[in-house]
Amino acid sequence: MIIRKGQGIGIAVVALLAMTSIASAANERIAYANDRIVYASVGDTSRAPIGWVEFCADNPKECRIASSQPRDIVMSQTAWKDLVRVNRWVNETVKPMTDQEHWGVIERWSYPTDGYGDCEDYVLLKRKMLIEAGWPREALLITVVRDKKGDGHAVLTVKSDKGEFILDNQNEAVLPWQDTGYRFVKRQSQADQNVWVALGEPRPNVATASAR
């Protein structure tokens with residue numbers, strides 16, 4: 001459904017109930033420093049990022065979604081507070097770890113169920129929490145960017161009647177896309193999450209590193 005102005009979303013309850021296991025697991029393991037390296041695969045600008053197809057194979061119910069009409073949210077005060085809360089909660093709860101350290105592979109998209117993950121994993125969790133709270137999937141777009149160092153990085157774009165906002169594990173603040181300092185490479189189509197739309201970055205790359 002499209003979120004209407006003034007409606008509450010109850011995101012805090014969803015977050016705490018759904019992700020208690022993450023917080024518990026994170027407390028039981030050694031915390032990694034904030035300057036740990038995480039990875040984002042860029043790949044061809046017109047194709048899915050490396051790791052997305054494998055994620056869909058492991059999570060078919062999340063990817064076998066019929067095409068639909070693009071929808072934006074109405075950015076009420078309640079919706080804005082929920083975005084900020086989700087972004088901060090996931091950033092503080094999940095500890096950064098590369099896929100190489102975590103899984104022994106360069107790139108793997110997965111939910112950070114053990115409390116550890118890289119930038120794509122942060123994005124997947126934020127998106128999942130918002131969808132489960134009633135936000136329209138069509139307004140929550142996984143996006144690949146190049147950060148201020150030129151490295152590949154994944155963020156979540158939220159499309160609204162007030163513009164496009166970015167949820168990012170490198171930034172506690174939820175910012176308008178133009179204020180991030182990033183170069184936007186590609187993102188999911190609003191009509192079909194399995195179609196990726198190029199956003200103007202001309203350079204393809206297989207995998208690049210991004211510091212949290």
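The model is predicted: local features need pLDDT of at least 70, side-chain atom pairs count only at pLDDT 80 or more, and totals for chains, interfaces and linings use all residues. Residues are numbered from 1 along each chain as its sequence is written, and side-chain values use heavy atoms, without hydrogens and water.

Tyrosine 122 sits in helix H7, residues 119-132. Its C-alpha lies 9.8 Å from that of tryptophan 109, which is 13 residues away along the chain.

Now the whole chain. It holds 7 helices and 10 strands (DSSP runs numbered from the N terminus: helices are H or I with at least four residues, strands E with at least two). Of its 212 residues, 50% are buried. Among contacts (heavy atoms within 4.5 Å) with a separation of 6 or more, 69% join residues 24 or more positions apart. The chain exposes about 9,800 Å², and carbon and sulfur atoms supply 52% of that area (Shrake-Rupley method, 1.4 Å probe; for residues, only the protein chains shown count as cover).

Next, the interior. In soluble globular proteins, nonpolar side chains tend to be buried together. The largest nonpolar core has 34 residues (buried Ala, Val, Leu, Ile, Met, Phe, Trp, Tyr and Cys joined through side-chain atoms within 4.5 Å). Trp52, Phe55, Val90, Leu130 and Trp135 touch the most other members. Helices H3 (52-58), H5 and H7 each supply at least two residues of this core, as do strands S4 (140-146), S5 (152-160) and S6 (163-168). H7 gives the largest share, 7 residues. Apart from this core lies another, of 5 residues, including Val145, Val155, Tyr182 and Phe184.

Two contributors deserve a look. Leaving out residues up to four places away in sequence, tryptophan 52 touches Cys63, Trp109, Leu124, Ile142, Gln188, Gln193, Asn194 and Trp196. Helix H5 covers residues 77-93. Its 17 residues reach 24 Å from first C-alpha to last, close to the expected 24 Å (1.5 Å times one less than the number of residues). Its buried residues include Asp82, Asn87, Trp89 and Val90.

Finally, the surface. Valine 195 lies in the loop between strands S8 (183-188) and S9 (196-198). Its relative accessibility is 40%, so valine 195 counts as partly exposed.

Methods:
Buried means under 20% relative accessible area, exposed over 50%, partly exposed in between (1.4 Å probe, protein chains only).
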